[in-house]
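I opened the model to look up a few helices, the surroundings of the ligands and the positions marked in a record. My entries follow in the order in which I made them.

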Amino acid sequence: MKAAVAGTGYVGLFTGVILSELGHSVICIDTDRGKVALMDMGQPPIHEPGLAPMMKKNLEAGRLCFTTDYEEGCKGADAIFIAVGTPEDKNGRADLRFVREACMSIGRAVTSDVTVVTKSTVPVGTNDLIKDWINFELRDSSFEASVVSNPEFLRQGSAVHDSLYADRVIIGADDQNAGDLVEALYFPLNLPVIRTDIRSAEMIKYASNAFLAMKISFINEIAQLSERIGADVEEVAAGMGKDERIGSRFLQAGIGYGGSCFPKDTKALKGMAGDMGYSFKLLDAVEQVNMQQQTVLVEKALNRFGSVDGLRVTVLGLSFKPNTDDMREAPSVVIINQLLALGAHVSAYDPAAAAKAKNILPSSVRLVHELELSLYNSDFVFLVTDWAEFKRMDLRKVKWYTKQGILFDGRNIFSSEEARQAGIEYHSIGRPVIYPQIVRGQTPHNL
Ligand SMILES: NC(=O)C1=CN([C@@H]2O[C@H](COP(=O)(O)OP(=O)(O)OC[C@H]3O[C@@H](n4cnc5c(N)ncnc54)[C@H](O)[C@@H]3O)[C@@H](O)[C@H]2O)C=CC1
Ligand SMILES: O=C(O)[C@H]1O[C@H](OP(=O)(O)OP(=O)(O)OC[C@H]2O[C@@H](n3ccc(=O)[nH]c3=O)[C@H](O)[C@@H]2O)[C@H](O)[C@@H](O)[C@@H]1O
């Protein structure tokens, strides 16, 4: 089959690459010329493990190509996917500007009846608008658009796996044939398919993201309490997660969720509820806890040192999660700005996100290109993103290279035992502080 995909961010590019991997002929359309030129040469504009070889293979096989031209893209397409961004607007609602522009371009370009498949995360009811926007452009022709809601559930950093082995494919369609067409496109993946009406499909996406965000905020509150009460949140999460009704995933306590979706989608869902005269009380708390959690590392440092004014801090990890260079809503930005406001000197290291971070962080942040170098001579270390490179690190390096061997781990990537053996002072989330073995006559403060 032939598919077109409008928008080549994470979701659009993956939709295109995966559909071409399944043997379909795919053309991806993006208004960003620079991006299209890059992708035409086989270079993905995002850092995502496994993407580049898959993209190159399908480009070379002639199943995948890129364009800025909607007429070229839409010509003969059995289905046209919309995967443009739906960022937060100034009121916390989803900004549908790009979706609307894509619809207008599709409506002007198609030369037959068309099935439009919405991958972008859009508020409930938007697919009705999408249909209207496209059909308005088609008003002088005999053609008509059908719409299908097909939300995306991939995670950045594991998008190849998530796409090939998705837990489910949601197909929301009022038109049976349009729904069948989308189901046929995914057929080779042999995934569980759930067919629903359009509004339920739209809601499934927001409800899923909000629920996952709630799970994270819940475990972060348990972490706060564990610290105060003398429990270990890692033990608690492991014990809770064994209950199949709860499940072990998304119970990792830390410095709060970030990224391009949880923050904006929880706000948008709250906004949708508000528009219906309903106050979504749980989501208020989820957001509040998340904001509080982004400040815990700095609070711990203030408790430990009294003031961080003039101290040198190494921040390990800048992207909002590992295996991506995405800096959107990254907790690192909030944390670094807090540190700078308190007079600390910040050096940072990230295995992939330095280039993107450079445009976002204040110029006073020293971006270092090697882990060991970033540690050298600092007063303490903040671990902010759980990159595998940090998990593999010999923890003794914190003792060897920094002034006092003090690590604040915002992702709990080391066990208390590892910290003990490395002889460092180790502060983490929801667990007791580990101090190096006290040598006679010394306290943790002058070790
Ligand atoms: N990033 C993620 O991991 C996931 C994102 N989503 C949702 O998917 C949608 C897309 O998100 P991202 O891929 O992160 O988007 P993005 O914001 O990274 O990229 C959007 C792309 O669309 C292009 N674009 C804008 N207007 C256009 C137009 N009129 N025609 C063609 N291209 C146009 C932009 O140039 C850009 O390349 C959003 O609704 C998001 O909530 C859903 C699941 C996962
Ligand atoms: O709609 C979207 O865009 C996507 O949003 C999330 O995916 P993503 O944002 O890529 O990454 P996650 O792995 O969900 O992590 C989000 C944030 O939560 C944090 N997190 C995650 C899990 C956890 O247990 N604890 C925790 O703090 C991560 O560090 C990160 O900052 C969802 O997991 C995807 O299913 C969804 O498709």
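**Entry: Lys205.** The model is a predicted one. I began with the contacts of Lys205: leaving aside its neighbours within four places in sequence, Lys205 is in contact with Thr121 and Pro151. I placed Lys205 in helix H9, residues 198-229. Is Lys205 buried or exposed? I found 26 other C-beta atoms within 10 Å of Lys205; the cut-off for buried is 20 or more, so Lys205 is buried.

**Entry: the record.** UniProt, in an unreviewed entry, places the feature "binding site" at Lys205, Phe250, Leu251, Gln252, Ala253, Gly254, Gly258 and Lys321.

**Entry: Phe250.** I took Phe250 next and found this residue in the loop between helix H10 (233-241) and helix H11 (262-275). Phe250 has 16 C-beta neighbours inside 10 Å and counts as partly exposed. Leaving aside neighbours within four places in sequence, I list Leu212, Lys215 and Ile216 as the contacts of Phe250.

**Entry: ligand 1.** Which residues come nearest to ligand 1? I noted Gly7, Gly9, Gly85, Ser120 and Thr121, out of the 27 residues around ligand 1. The elements that give two or more residues to this shell are H1 and helix H5 (97-109). H5 gives the most, with four residues. Sorted by class, I have ten nonpolar, twelve polar and five charged residues around ligand 1. Thr121, one of the nearest residues here, is also the contact of Lys205 that I wrote down above, together with Pro151.

**Entry: ligand 2.** I repeated the search for ligand 2, which 20 residues surround. The closest are Gln156, Gln252, Tyr257, Gly259 and Cys261. Gln252 is among the positions that UniProt lists under "binding site". Which element gives the most to the shell around ligand 2? I found H9, with three residues. The classes in this shell are ten nonpolar, seven polar and three charged.

**Entry: helix H11.** I checked the length of H11: 14 residues, reaching 20 Å from the first C-alpha to the last, close to the 20 Å expected at 1.5 Å a residue. I marked as buried in H11 the residues Phe262, Pro263, Lys264, Asp265, Thr266, Ala268, Leu269 and Lys270. The buried residues of H11 pack against H9 and helix H12 (281-293). After H11 comes Gly277, with a positive phi near 80°.

**Entry: helix H3.** I turned to H3, residues 51-60, where Met54, Met55 and Asn58 are buried. Why do I put them on the same side of H3? They cover an arc of only 100° around the axis, and this puts them on one side. An α-helix has 3.6 residues a turn, so residues three or four places apart point the same way. Pro53 and Glu60 are exposed, on the face of H3 turned away from its buried side. I traced the packing of the buried residues of H3 to helix H1 (10-21), strand E3 (64-67) and helix H7 (159-164). Just after H3, I noted Gly62 with a positive phi of about 75°.

Methods: Residues numbered from 1 in each chain as written. Chains lettered and ligands numbered in written order. Predicted model: local features only at pLDDT ≥ 70, side-chain atom pairs only at ≥ 80, totals over all residues. Buried ≥ 20, exposed ≤ 12 C-beta atoms within 10 Å, placed from the backbone. Arc of directions from axis to C-beta. Contact = placed C-beta atoms within 7 Å. Near = placed C-beta within 6 Å. Nonpolar A, V, L, I, M, F, W, Y, C, P; charged D, E, K, R; others polar. UniProt positions renumbered as here; feature names shortened; annotations may be inferred. Expected span 1.5 Å × (residues − 1).
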